[in-house]
Amino acid sequence: MSTGFFDGIEPVKFAGGDSTDPMAFHHYDADETVGGKRLEDQLRFAVAYWHSFAWEGGDPFGGQTFQRPWYPQDSMANAKLKADVAFEMFEILNAPFFCWHDADLRPDQGNFADNLSTLEEITDYIGTKMEGAKTKLLWGTANMFSDRRWMSGASTNPDPDVFAFAAATVKGCMDATHKLGGQNYVLWGGREGYETLLNTDMGAELDHMGRFLSMVVDYKHKIGFKGQILVEPKPQEPSKHQYDYDAATCIGFLRKYGLENEVKLNLEQGHAILAGHSFEHEIAVACAEGMLGSIDMNRNDYQSGWDTDQFPNNVPEVALAYYHILKAGGFTQGGTNFDAKLRRQSLDARDLIAAHVGGMDVCARGFKAAAAMLEDGGLENALAERYAGWQDDRARAMLDSDLASIQKRVLDEGINPQPKSGRQEILENWVNRFV
Ligand code: XUL
Ligand code: CO
């Protein structure tokens, strides 16, 4: 029986580029083959349970603006109604995946034992719903940042009891993710950082965080979870400084604790912007190390300087992000999660659907542009040409030699390099033909 929340809203259809219907797909045709696979299998869209169903429309200056039939979110009955509505939306959107935090799914009873048993109960309920639906779980994660117990960190907390609570929580969330066939498990360390160095032993905190992540990896193997373990970089907010600052910092951290072959990255567009990077920079850093896991495709407002988590709407930016992802072979177990929320004035059920329709369409359009760029091969050829000198045997041999022999060769051969154009404007013009 329908909840009635989406009454009057039909399943979203692909209507083509000529349609003017804002509730239809103009670019996203799940079955269209692009880059050798169905678009649905390439993009692997996921709905974020938290922003769509748990977030009530508050901001730092004001509280709840939404009025949903599953509020207040403090009972199992309302948690089940929320799940019913969520699965109705997945069906309307034909969404292949969703993602959750434990705290999005179940009411918070304030103690570990009750929170664990309500998580088990609601994930059993969701498991039954998944049996009758196409939507799969892209990833699960633990919310270890909202409750006041996490205010000084989870695994990096100076209080070992909080470390213990965090370990117990993550075990429960990994079990639930595994039970629901999740394809990834994510850790985002919103409070894993500091407010002031005056009260922070950074070396100890990093060691604890490294050890914690090793335990996560050990547990994954113990239970036979085949999903990827992913960490999600973000430079700050809520903490003044977060240890998982950006892709490069995370990769250094993973190497230090011997986790570089076990853990990959979940990269978020908005977090890249906060770190002072472009999204494609973060993706290129991860791809260069073979560590791209999945993405959160939500933008930030370039003027506001904080994490506004908006649905994507900039095709050229999205195209460059997917270009790098496709160049690295595309997603395997990862996907495109909309870690994005409505604006707090967007009160209607229709707004929730329209936001996802628009996000999926922008991604599809960008993805097709990326695939066309790759197929054309112009950028690839320019790159190969720029580095062609390194195909020369003597150039390659240099990498196995030493400074003194190289100096001798420069003198003997009178090597005197002539600068060549980087051709940036020509390449930018080239990209512009596709977006
Ligand atoms: C916070 C953020 C999180 C993670 C999951 O900025 O992106 O929602 O994606 O905890
Ligand atoms: Co995110």
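The following legends describe close-up views of a predicted model.

**View 1. The cobalt ion (ligand 2) and its protein donors.** Four residues coordinate the cobalt ion (ligand 2): Glu232 and Glu268 through OE atoms, and Asp296 and Asp339 through OD atoms. The site is octahedral, with six donor atoms and angles of 79 to 173° among them. For six octahedral donors the ideal angles at a metal are 90 or 180 degrees. Along the sequence, the donor residues of the cobalt ion (ligand 2) follow the spacing E-x35-E-x27-D-x42-D. Distant parts of the chain are linked by the pair Glu232 and Asp296, which are 64 residues apart. Glu232 belongs to the loop between β8 (228-231) and β9 (241-242), whereas Asp296 belongs to strand β11 (residues 292-296).

View 2. Glu232 has a relative accessibility of 3% and counts as buried, because the cut-off for buried is under 20% relative accessible area. Asp296 is also buried, with a relative accessible area of 0%.

View 3. The residues around ligand 1 include three tryptophans, Trp50, Trp139 and Trp188. By class, the shell around ligand 1 is made up of six charged, three nonpolar and two polar residues.

View 4. An oxygen atom of ligand 1 lies 2.7 Å from a polar side-chain atom of Glu232. For Asp339, the distance from an N or O atom in the side chain to an oxygen atom of ligand 1 is 2.7 Å. For Asp296, the corresponding distance is 3.0 Å. Ligand 1 taken alone exposes 290 Å², and the protein buries 95% of that.

**View 5. Helix α15 and its two ends.** Helix α15 (residues 403-413) has 11 residues, of which the number buried is zero, so the helix lies largely in the open. At the start of α15, a side-chain oxygen of Asp402 comes to within 3.1 Å of the backbone nitrogen of Ala404. Just after α15, Gly414 has a positive phi of about 60°.

View 6. Most peptide bonds are trans. The bond that joins Tyr71 and Pro72 is cis, with omega about -10°. Pro72 sits in the loop between α2 (49-54) and α3 (76-93). The bond from Glu237 to Pro238 is cis as well, and its omega is near 15°.

View 7. Most residues other than glycine have a negative phi. Arg44 has a positive phi, near 50°. Its place is in the loop between α1 (39-43) and β3 (45-48), and Arg44 counts as buried at 12% relative accessibility. Asn94, which is not a glycine, has a positive phi of about 55°. Asn94 lies in the loop between α3 and β4 (97-101) and is partly exposed, with a relative accessible area of 31%.

**View 8. Asp104 in helix α4 and its separation from Ala48.** Asp104 is part of helix α4 (residues 102-105). The residue is buried, with a relative accessible area of 4%. Asp104 and Ala48 are separated by 56 residues in sequence, and their C-alpha atoms are 9.7 Å apart.

View 9. Leu292 counts as buried, at 15% relative accessibility. From Leu292 to Gly334 there are 42 residues in sequence and 8.5 Å in space, C-alpha to C-alpha. Asn300 is found in the loop between β11 and α11 (315-327), and Asn300 is buried with a relative accessible area of 3%. The pair Asn300 and Glu10 are 290 residues apart in sequence, with a C-alpha to C-alpha distance of 30 Å.

How values were computed. Residues numbered from 1 in each chain as written. Chains lettered and ligands numbered in written order. Predicted model: local features only at pLDDT ≥ 70, side-chain atom pairs only at ≥ 80, totals over all residues. Heavy atoms only, no water. Donors = N, O, S within 2.8 Å, 3.2 Å for Na, K, Ca; no water. Tetrahedral: all angles 85-135°; square planar, octahedral: opposite > 155°, others 65-115°. Helix = DSSP H or I, 4+ residues; strand = E, 2+ residues; numbered from the N terminus. Buried < 20%, exposed > 50% of the residue type's maximum accessible area, 1.4 Å probe, protein only. Near = heavy atom within 4 Å. Polar contact = N/O pair within 3.5 Å; in protein donor to acceptor, adjacent residues only side chain to side chain. Areas by Shrake-Rupley, 256 points an atom, 1.4 Å probe, with all protein chains shown as cover. Nonpolar A, V, L, I, M, F, W, Y, C, P; charged D, E, K, R; others polar.
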